[in-house]
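Subject: Structure for your review

Dear colleague,

Please find below the structure that I am handing over to you.

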Amino acid sequence: MIKLKGIAVSGGIGIGKAYLLGKEELSIPKRKISYADISREIYRLEEALIETRREILALQRKIPQEPGFDHALVFEAHLLVIEDRVLIEDVIGQIKEKKINAEYAFSQSVKKYIDALLKLDDEYLRERVIDIEDVSRRVLKKFLKEKTVSLGDLKEKVIIVAHDLFPSWTATLPKEKVLGFITDIGGKTSHTAIIARNLGIPAVVGMQIATENIKSEDMIIVDGSEGCVLVHPTEKVLEDYQKKRAKYTQEIKAIPVPRLFKAYTKDKKEVIVSANIELPEELPLVKEYKAEGVGLYRTEYIFLGRGDLPSEEEQYKAYLNVAKKVKPYSVIVRTIDIGGDKFLTQPQVPKEISPFLGWRAIRFCLAHPEIFKIQLRAILRASSWGNVKMMFPMISGIEELRQSRKLLEECKKELKKEGKHFDENISLGTMIEVPSAALTADVLARESDFFSIGTNDLIQYSLAVDRANEKVAYLYEPGHPAVLKLIKSVIDIAHENNIWVGLCGEMAGELLFAFLLLGLELDEFSMSPPQVPKVKELMRSVSFKEAKAIAQKAMKLNTAGEVERCLQEELKRILGDDFDRLLLA
Ligand code: PEP
Ligand code: MG
């Protein structure tokens, strides 16, 4: 048995067989064939291509059909590769001239194709290499009679092991078949971690060497609460973990699903607890866990894992779908936050040395008004439903906010002219996730209807810690006094300017910090759906008055460790036996 350590990002225990994604090397046999075998080899090639085509079409059909979540297009690119006549003629040519078997000829032609693309001075074509590698692996597995298991195809429950999970993989994710996630890279707020948490799947990321130490079919245990993975556990360890898993499930069940959408503290202070969503599977959870609407709708997942851009109509349908489903509560649609650790296939963005500091979010949108305006129009149109709010990510100063508002006004004028309906008074928020925005919050507040603090980014930018880099994850501290001072000042400035302020980073769903944020007088807490019942129960069990006093005390401390210890002691005192049940579940 070996024990590997990583970063605990989504609680719970998964026990099962590993399914290693992406890194498998296929060994392709090379055989000399006779003249008489040529036609048989060409037939085998055609068979493999036809079967692969069938498989891809079936996969496309299985992808969730919620409006606006059209990831099926990623497979269009794969179909184009296997239908490419130049490639097919080259393979046939090799079979005939070199008298070699079809799979070997195919692998050689693909290699030639990829080498040629890599030499081109065209970033887009070079990036196509991933599609070609992906689909050619599918074809080769057909020759080798190995079944290509896609995530959508999984027959048994497995634990996914990967270097990282790409958005196109999560698109085909059958939640009921995934017992856990393990990745080599990433931190608490990288996109894989957020998805796992939102779907309630145990996950450990930043393991660095997981894919080197785990093979498909290995029996493993992923402990998403402790942040460790056990490979080939002994009988005794397996038994212990089965008990631990049962206890965890019981504890989760013991947390009552709130009866009401509204939440109040013991002394009747109203607290808004809402949900963050990105994938279609998460939408039903908003109601199930009684979240008061959607405090953050990450729209970039509509744009990812596909070869084109979603049209205004497609986006409109997606936003409308969410608005209708969360009514009478509201949905805050965030305009696309592309860049960082999420990239579009089209248009191609040149690779950057520091993508989190680069051409990301509002910076990308302002540089591409033709893309941005389509989204703004679609959100505006969905706002005719009455409960849609909008916010801009990664604003670093007032000019960006003004430029964005100007484009929005242009869109409103256009829609009016076209006779299309929208909410004239749509509420417009600014995300506060860059220290310069936090420090100029007074200026931004005058031109915003609300603030939403994005601590996932605010922490990385104020502490200079890459949120997706496991090597510096120990420095990523939500309780750092610098972060807390920024948050406190943003909340106070918002209130002085008579606007409300929410927080939609992962910190809002962490119980100790949710308690602190209540004491700092935050108005709205938005988090991954499974956190909602816990945070609501916490709010019901504490008083606002006491939270304020404890927050004042915590704000005087010097380190994140001291802050966490103080919050832990105080909450333990207040909650008594319920503390362990709530915090450890
Ligand atoms: C944040 O930065 O806190 C946030 C909610 O946005 P994202 O995680 O999508 O960057
Ligand atoms: Mg952010």
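Axes are lines fitted to C-alpha atoms, for helices over the stretch in contact, and angles run from 0 to 180 degrees between N-to-C directions. Helices (H or I, at least four residues) and strands (E, at least two) are DSSP runs, numbered from the N terminus.

This is a predicted model, in which local features need pLDDT of at least 70 and side-chain atom pairs count only at pLDDT 80 or more, while totals for chains, interfaces and linings use all residues. Residues are numbered from 1 along each chain as its sequence is written, chains are lettered from A and ligands numbered from 1 in the order in which they are written, and side-chain values use heavy atoms, with hydrogens and water left out.

Helix packing

Helix 4 (residues 102-119) packs against helix 6 (residues 129-143) at about 175 degrees, and their axes are 10 Å apart. The two helices are therefore roughly antiparallel (an angle over 145 degrees). The contact residues comprise twelve nonpolar, two polar and two charged; Ala, Val, Leu, Ile, Met, Phe, Trp, Tyr, Cys and Pro count as nonpolar, Asp, Glu, Lys and Arg as charged, and the others, Gly among them, as polar.

An open sheet of mixed pairing is formed by eight strands, in the order 1-8-7-3-4-5-6-2. Two strands pair if DSSP finds at least two bridges between them. Strand 1 (2-5) and strand 2 (7-10) are at the edges with a single partner strand each, so one side of each has no neighbour in the sheet. From one strand to the next, the twist averages 30 degrees. Strand 7 (residues 219-223) and strand 8 (residues 228-231) run antiparallel and are joined by four bridges; Asp223 has Cys228 of strand 8 as its bridge partner.

The ligand

Ligand 1 is surrounded by 16 residues (each with a heavy atom within 4 Å), and Arg298 and Arg334 are among the closest. Its polar contacts are pairs of N or O atoms within 3.5 Å. An oxygen atom of ligand 1 lies 2.7 Å from a side-chain N or O atom of Arg298, and an oxygen atom of ligand 1 lies 2.9 Å from one in the side chain of Arg334.

A backbone detail

Lys327 and Pro328 are joined by a cis peptide bond, with omega about 15 degrees.

Yours sincerely

Terms used:
Angles under 35 degrees count as roughly parallel, over 145 as roughly antiparallel, 65 to 115 as roughly perpendicular and the rest as oblique. A polar contact is a pair of N or O atoms within 3.5 Å; within protein, one must be able to donate a hydrogen and the other to accept it, and residues adjacent in sequence count only if both atoms are side-chain atoms.
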